[in-house]
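Here is a short briefing for a first look. Please keep the sequence and the 3D view open while you read.

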Amino acid sequence: MTTGWFPVARTTEVGTTPVPVGVGGQAYVVVRLRPGGEVSAFPARCPHRLVPLAAGSVVDGRLQCPAHGWRFDSDGRCVDLPSMGPHGTPPPRADLSMPWAVEERHGWVWLAPERTATHVPPRVTAAPEPAPAPPDPEGAAFDNLDPSLEHAWHPVALSRELRPGGWLQVRLLGRNWTLRRDGDALVADPPAFGVRERLGLIWLAPSEPADVPLEVPEDVDRRFVTDWMQPVRSPGPAGPLADTFLDATHGPFVHAATIGLPDQAEVGPAPVTIEPGGFSSVREQWCDNPLDPEVATGGRPLRQRRRTTYTYRAPFQLRLRQDFLDSGATTTILYLLQPEDLDSTRIYVVLLLSSGPGQPLPLRADVSGQVALQKRILEEDVRSQAALAVPGLPLDPRDEVHVPADRLGIALRQALCDFMVVGRRQQAAA
Ligand code: FES
Ligand SMILES: [Fe+2]
């Protein structure tokens with residue numbers, strides 16, 4: 001417990017952009033919710049997915065989290081939770097645990113984390129000591145070096161990155177591996193349980209794998225055209241990235257410049273079917289389909305029915321399939337993650353496109369257009385991950401606040417828990 005008043009920032013430094021500060025091992029942000037108004041102090045992280053509120057913004061006199069748009073008033077109450085819609089009531093756990101008091105005195109912002117005997121900051125004659133730097137986030141989380149990850153197949157390179165007779169150095173689980181292509185054989189140094197090719201990628205399993213491969217029926221379906229995006233690196237762990245790819249509520253906030261429509265903030269709970277090694281989820285929605293050529297000619301309306309299927313396999317394989325039920329076209333996107341280091345994940349994205357039964361294959365230009373759009377969307381996700389600055393994915397449900405729209409995120413955490421237990425058991429038996 002930290003009692004007393006602590007100077008945390010000069011009053012002139014605090015405007016309507018949150019400023020991260022620290023007191024006695026606790027991290028906070030201070031901010032004015034109106035230009036020239038009083039200073040408010042909030043805990044440093046949003047209770048939902050622990051995103052730093054220093055990356056938030058002030059909107060209509062409230063502090064808004066950058067990830068899913070939860071808004072907090074000056075008392076720390078969550079007064080807006082977009083995925084619950086305009087009539088939803090945020091759960092009490094969505095409120096912030098606020099510091100006891102914050103005051104401006106002698107040109108400084110003073111913060112009292114806990115109730116103190118004195119209701120005002122002390123009188124000072126000399127400039128106070130600057131506040132200590134905020135601490136790093138704490139708490140156990142599933143990170144890129146979890147020992148259970150030894151027991152899975154991981155993508156480590158595009159097949160085309162390793163030429164016949166060539167070699168390639170890759171990074172996986174904090175270690176370097178050299179891959180060689182020798183005729184038809186793939187060899188890893190140091191030796192691994194296995195190296196293989198699948199879906200246009202090279203996969204490596206350090207020890208006997210316990211994961212279930214992701215099935216991709218589109219890969220052998222001749223109505224589909226496949227295209228690979230250039231792999232991208234994210235400066236953070238794979239777990240929160242997988243969480244983002246499964247999350248339907250961040251669009252209006254993270255993807256406002258591409259696909260995030262403000263009128264799609266409300267998201268109901270998705271059904272989840274538990275399957276070996278992961279889960280799937282199917283839902284049907286109405287959505288705009290401007291890529292349908294029949295829309296331009298008036299053959300079909302812009303707003304069409306779409307079935308979305310998520311299929312997840314632990315630890316980091318995800319397939320997102322969108323079936324446009326009126327045109328018969330399908331877009332499938334694979335997200336496959338390579339946990340390189342604690343602070344580095346390589347992301348492979350594959351697009352598989354079909355115009356539907358009896359239709360010609362999608363035009364090259366349409367495929368390139370889709371790839372370019374997915375590249376921009378991915379860049380937005382990676383930027384948001386960089387701001388997240390979390391060490392991994394919290395697996396204890398008490399560490400975060402879950403709302404009905406988070407069912408896939410909850411299923412992801414449960415699947416990773418199961419994977420971790422199986423992997424560790426396998427390791428103990430080895
Ligand atoms: S709204 Fe803050 S992390 Fe989701
Ligand atoms: Fe996203």
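The points below cover a helix pair, a cavity, a sheet and a pocket.

This is a predicted model, in which local features need pLDDT of at least 70, side-chain atom pairs count only at pLDDT 80 or more, and totals for chains, interfaces and linings use all residues. Residues are numbered from 1 along each chain as its sequence is written, chains are lettered from A and ligands numbered from 1 in the order in which they are written, and side-chain values use heavy atoms, with hydrogens and water left out.

**Helix pair**

- Helix α1 covers residues 238-246 and helix α5 covers residues 407-429. Helices are DSSP runs of H or I with at least four residues, strands are runs of E with at least two, and both are numbered from the N terminus.
- The axes of α1 and α5 come within 9 Å and cross at roughly 145°. Axes are lines fitted to C-alpha atoms, for helices over the stretch in contact, and angles run from 0 to 180 degrees between N-to-C directions.
- Gly 239, Ala 242, Asp 243 and Leu 246 of α1 meet Leu 408, Gly 409, Leu 412 and Arg 413 of α5. Contact means heavy atoms within 4.5 Å.

**Cavity**

- The whole structure holds 1 cavity of 30 Å³ or more. A cavity is a set of points on a 1 Å grid over the protein atoms alone where a 1.4 Å probe fits but cannot get out; a pocket is an open set with protein on both sides within 12 Å along at least five of seven lines; lining residues have an atom within 4 Å of a point.
- The largest cavity has a volume of about 40 Å³. Grid points are joined across faces, edges and corners, and a volume is the space filled by probe spheres set on the points.
- Its lining includes Ala 242 and Leu 246, and α1, β22 (317-324) and β23 (330-341) each supply at least two residues.

**Sheet**

- An open sheet of 3 strands runs in the order β1-β10-β9, with antiparallel pairing. Strands pair if DSSP finds at least two bridges between them.
- β1 (6-10) and β9 (101-105) stand at the edges with a single partner strand each, so one side of each lacks a neighbour in the sheet.
- β9 and β10 (residues 108-112) pair over 5 bridges. Val 102 has Leu 111 in β10 as its bridge partner.

- Among the residues closest to its centre are Ser 74 and Val 102.
- β9 gives the most to the lining of this pocket, with 4 residues.
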